[in-house]
Amino acid sequence: MKRYILVSGAFLVVLLALAFLSLAIGGFGDPPSNVLSALAGGDDRFTVVRLRLPRLVLAVLVGACLGIAGTVFQTLLGNPLASPDLIGVSQGASAAAAGAFLLGGLSGPAVSVAAFAGALVVAAIITVLSWRNGISSYRFVLIGIGIAFLVQAFLGYLLTRADLKEAQGALVWLVGSIGTPGWDEIGITAILAGVLALSMLPLRPALRMLQLGDDTATGLGVSVTRSRALLTVVAVGFAAIAVAVAGPVLFVAFVAGPIARRVVRSSEASLVASALVGAVVVVAADFLGQRALGDARVPVGVVTSLVGAPYLLWLLARDNRSRGTA
Amino acid sequence: MSPGIRRGAVLIGLAVVLALVVTASFALGTRAIDLSSTLAALTGSGEGTDAMVVIDLRGPRTLIGLAAGLALAVAGALMQGVTRNPLADPGILGVNAGASLLVVVAISVLGVSSVVGYVWFAFAGAALATVLVYLVGSGRSGATPVSLTLAGAAVTALLTAVITLVLLTDLETLSQFRFWQVGSLTARDAGTVAVVLPFIAVGLLVAIALGPRLNALSLGDDMATGLGQSVRATRIAAATAIVLLCGGATAIAGPIVFVGLVVPHVARRLVGPDYRWIIAYSVVLGPMLLLVADILGRLVVQPAELEAGLLVAALGAPVLVALVRGSRVSAL
């Protein structure tokens with residue numbers, strides 16, 4: 001427990017350092033002479049407070065939500081590959097959000113609601129299709145990948161049908177990026193994330209016990225089916241609100257849980273640490289995307305894929321090797 | 001009737017259906033053209049707008065549908081045979097993404113503009129992705145469907161990110177990217193197809209020659225070796241054919257997923273596990289699937305069109321789900 005708090009504190013410090021860095025030398029505008037005085041209302045207030053701060057806050061929110069969503073999914077299915085961005089849940093949220101935006105002309109909270117509905121539908125479809133005397137996590141993952149292709153095709157269809165200007169606006173749901181969001185957008189996301197976090201609190205003991213296996217959990221007095229369903233809905237919600245504002249920032253949900261677990265050195269899923277890791281990953285990736293390539297502004301989703309996909313490959317290669325020698 | 005004759009008869013029947021589909025592909029679309037005008041245009045005696053539409057607009061896309069459908073289906077059959085993996089598909093395993101990436105790099109970074117120039121990049125990219133996915137997906141215990149599929153998904157994600165990165169430097173290409181990434185038969189002209197066709201033909205010949213070897217391989221590596229076969233040589237020859245077929249198909253039609261997955265399975269249903277017949281059936285069924293998807297795409301949302309790749313995905317994803325639910329993979 002002590003290590004858990006220590007590690008979370010360390011992640012928080014890293015996050016704050018990255019945040020400071022992003023505010024000081026992030027994209028757009030000249031570097032301000034003094035970030036702290038700018039925040040307090042001094043010089044360069046516009047660059048720091050209007051341009052960079054919203055972006056930073058949204059990056060933190062998106063990362064935290066994805067980190068939690070990934071960890072809950074991975075824990076529920078007992079499989080590190082079962083994160084929402086690999087199995088099509090994020091893509092479902094994206095397609096629904098893009099549909100709401102392009103076809104329904106919706107914006108703001110309505111897009112989030114649509115994303116949630118889309119993600120929930122995809123999660124339900126995968127669950128139903130992979131159900132055969134219970135859930136096999138690999139069947140779940142493979143069917144999820146198939147559904148992800150289908151949803152991706154639907155999203156492609158939406159984008160090719162829209163007129164060019166609107167499609168530009170909807171491209172965020174194809175690659176995943178954090179633009180310069182308005183405070184109202186951030187406020188809605190923060191409120192939704194807060195509600196979800198609160199509804200997560202009473203579910204945490206159940207999540208912990210489900211890790212021990214369904215039978216043990218039942219023995220410990222957990223209503224397995226109900227807890228699983230509730231946890232899935234909350235996790236889908238976290239993924240959906242992140243995707244609604246930032247698109248499918250791939251691999252964040254996938255890496256946050258395992259990294260947190262490894263650093264905390266606990267077999268238990270640690271939601272706070274995962275949220276912090278997610279936030280660190282997204283803020284760092286966005287910073288890199290803004291800064292690393294000179295004038296080119298790279299969407300955060302591209303950066304996370306470039307870093308996350310090799311990690312997945314490494315994980316697969318390592319698993320195969322250990323299975324071969326065992 | 002002996003099984004051989006029956007299989008041959010069904011194959012001929014399917015070839016006739018394919019001929020009908022090809023004719024439909026010339027005749028149907030936003031501007032419907034009646035059969036006699038279509039045939040007149042095809043035999044060179046037609047004139048006016050109808051003949052122009054048939055020859056200049058629908059000719060290339062029909063040709064692309066034939067070539068790409070054949071290439072992807074045969075490549076899928078080869079992949080499923082070599083890896084003994086029922087989920088193998090050039091799209092799912094990331095091979096098409098590899099070809100796409102190097103084509104994009106060739107065009108936008110190196111400034112290659114001729115097809116003859118970038119077709120080589122398509123092959124190099126397909127080869128790169130094939131090797132990468134296979135190395136990652138197969139440990140000493142051999143490649144399982146799960147590990148190969150996941151490796152393919154990871155490689156696709158990685159390569160797509162790099163493609164986006166390359167295209168982002170140019171906003172205009174980004175807006176084309178959305179059309180390109182769904183897979184379409186209308187993106188290239190007849191000249192491009194002519195450049196790519198010889199490669200697809202070579203790939204097809206290698207695939208046909210490999211049929212008997214794939215049958216031995218389906219009994220397991222040890223059994224195939226016992227039957228006097230060099231497993232390694234078979235793998236390398238198959239990989240070469242896959243690269244030629246997928247690189248060629250992607251160069252003319254973009255990254256199309258699921259043709260290589262669905263067609264060999266349908267063929268297997270029709271003719272059983274003999275790879276010589278599976279490949280022969282794939283040659284006919286692949287173009288049929290892609291052309292039917294393309295024709296449907298022209299008709300369902302008139303006067304607009306749906307890209308063939310989208311419809312193939314809509315048809316293919318349920319097949320993948322059914323396969324995963326089926327007995328062969330669920331043991332995992």
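Me: A crossing is left-handed if the near helix is turned anticlockwise from the far one by less than a right angle, and right-handed if clockwise. Which is the crossing of H1(B) and H3(B)?

Reply: The crossing of H1(B) and H3(B) is right-handed. Keep in mind that this is a predicted model, where local features need pLDDT of at least 70, side-chain atom pairs count only at pLDDT 80 or more, and totals for chains, interfaces and linings use all residues. On labels, residues are numbered from 1 along each chain as its sequence is written, while chains are lettered from A and ligands numbered from 1 in the order in which they are written.

Me: OK. At what angle do the axes of H1(B) and H3(B) cross?

Reply: Roughly 145 degrees, and the axes of H1(B) (residues 3-27) and H3(B) (residues 48-83) come within 8 Å. Axes here are lines fitted to C-alpha atoms, for helices over the stretch in contact, with angles from 0 to 180 degrees between N-to-C directions. The helices themselves are DSSP runs of H or I, at least four residues, numbered from the N terminus; strands are E runs of at least two.

Me: Which residues meet in H1(B) and H3(B)?

Reply: Val22(B), Ser25(B) and Phe26(B) on the H1(B) side meet Val54(B), Arg58(B), Thr62(B) and Gly65(B) on the H3(B) side. Contact means C-beta atoms, placed from the backbone, within 7 Å. By class that gives three nonpolar, three polar and one charged residues. Nonpolar covers Ala, Val, Leu, Ile, Met, Phe, Trp, Tyr, Cys and Pro, charged covers Asp, Glu, Lys and Arg, and the others, Gly among them, are polar.

Me: And how do H2(B) and H3(B) pack?

Reply: At an angle of about 65 degrees, with the axes of H2(B) (residues 35-42) and H3(B) 9 Å apart. That crossing is right-handed. H2(B) brings Ser37(B), Thr38(B), Ala41(B) and Leu42(B), and H3(B) brings Asp50(B), Ala51(B), Val54(B) and Ile55(B).

Me: Zooming out, what does the secondary structure of chain B come to?

Reply: There are 14 helices and two strands in chain B. Of its 332 residues, 55% are buried, where buried means 20 or more other C-beta atoms within 10 Å of the residue's own, exposed means 12 or fewer, and partly exposed is in between. Among chain B contacts with a separation of 6 or more, 75% link residues 24 or more positions apart.

Me: Switching to chain A. At what angle do H4 and H5 of chain A pack?

Reply: About 140 degrees, with the axes of H4(A) (residues 89-102) and H5(A) (residues 109-130) 7 Å apart. The two are therefore oblique, given that under 35 degrees is roughly parallel, over 145 roughly antiparallel, 65 to 115 roughly perpendicular and the rest oblique. H4(A) passes H5(A) in a right-handed crossing. The residues in contact include Gly92(A), Ala96(A) and Phe101(A) from H4(A), and Ala114(A), Gly118(A) and Val122(A) from H5(A). In that contact, 16 residues are nonpolar, three are polar and none is charged.

Me: How many residues of H4(A) are buried?

Reply: 13 of its 14 residues, which leaves H4(A) mostly covered. The length of H4(A) checks out too: its 14 residues should span 20 Å at 1.5 Å a residue, and its end C-alpha atoms are 20 Å apart. The expected span is 1.5 Å times one less than the number of residues. For H5(A), the 22 residues should span 32 Å and the end C-alpha atoms are 31 Å apart, which agrees.

Me: What do the buried residues of H5(A) pack against?

Reply: H4, H6, H9 (183-200) and H12 of chain A. Those buried residues include Phe116(A), Leu120(A) and Ile126(A).

Note on methods: Two residues are in contact if their C-beta atoms, placed from the backbone, lie within 7 Å.
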